[in-house]
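This report covers selected local features of one protein model.

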Amino acid sequence: MNKKGITIIELLLSISIISIIVLLLIRASLSFKNIEESNKYASNDEIARTEIIKEIESDFLKMHLIGLDIIENNNSTTIKFFYENTNKELIINQESLTYNNIKHKLESKNATYEVCPIYKYKTISNKYLVQLNIPVLINGENTTSDDDIILTFLGAEKDNNDYPNQYNCSKK
């Protein structure tokens, strides 16, 4: 710097450095905003999955689940739950689950439901266990089972009316 003040080069250099710092700060704040938004969607999806599981498993117990049927359609799978006095359907497609005529969509980016549920039926002494797993896919892959919707019912063997022993999805 000379004794009369700053030169034009020093001024341009200072403005350039300040501009770069401001751009980096703006970029970082946008990244934090995107992360916050993704976390909000993931949290909302987790709450929605918990509510679906609670609602269906509550129906299993209150209305006494006596059987089920799994029906594959073109772009979806329908699980018919047979209760003592009524029937209900769970419709699975990539974008949503529908139960009791209420559609539950995933908010997270690139998250979809697998239309092929994983079904397990086991007998354990005088009881039977029915388990349905509906995988949640991120970018087409099931990265963790923590996101999946897992429905479980344990019943007395004498009440076992109409459950398939196994199910293999033909869409895979």
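## Loop residues with positive phi

N110 is located in the loop between strand 5 and strand 6; strands (E, at least two residues) and helices (H or I, at least four) are DSSP runs, numbered from the N terminus. Although N110 is not a glycine, its phi is positive, about 65°. N110 counts as partly exposed because its relative accessibility is 42%; buried means under 20% relative accessible area, exposed over 50%, and partly exposed in between, with a 1.4 Å probe and protein chains only.

N100 is another residue other than glycine with a positive phi, near 55°. It sits in the loop between strand 4 (96–99) and strand 5 (102–105). With 32% relative accessibility, N100 counts as partly exposed.

## Basis of the values

This is a predicted model, in which local features need pLDDT of at least 70 and side-chain atom pairs count only at pLDDT 80 or more, while totals for chains, interfaces and linings use all residues. Residues are numbered from 1 along each chain as its sequence is written, and side-chain values use heavy atoms, with hydrogens and water left out.

## Disulfide

The count is one disulfide, taken as a pair of cysteine sulfur atoms within 2.5 Å. The bond joins C116 and C169, with their sulfur atoms 1.9 Å apart. The pair links distant parts of the chain, 53 residues apart: C116 is in the loop between strand 6 (111–113) and strand 7 (118–124), and C169 is in the segment after strand 10 (149–156).

The torsion about the S-S bond of C116 and C169 is about -40°, so the disulfide is left-handed. C116 and C169 are both buried.

Leaving aside residues up to four places away in sequence, Y119 touches several residues, including L68, I70, V130, L132, Y163 and P164; contact means heavy atoms within 4.5 Å.

## Nonpolar surface patch

What forms the nonpolar patch on the surface? L13, I17, I21 and L25 do, with about 400 Å² of accessible area together. L13 belongs to helix 1 (residues 8–62), and counts as exposed because its relative accessibility is 54%.

Patches are made of residues with over 30% relative accessible area and no salt bridge, with nonpolar side chains (Val, Leu, Ile, Met, Phe, Trp, Tyr) joined within 5 Å and like charges within 9 Å. A salt bridge is a side-chain nitrogen of Lys or Arg within 4 Å of a carboxyl oxygen of Asp or Glu. Accessible areas come from the Shrake-Rupley method with a 1.4 Å probe; for residues, only the protein chains shown count as cover.
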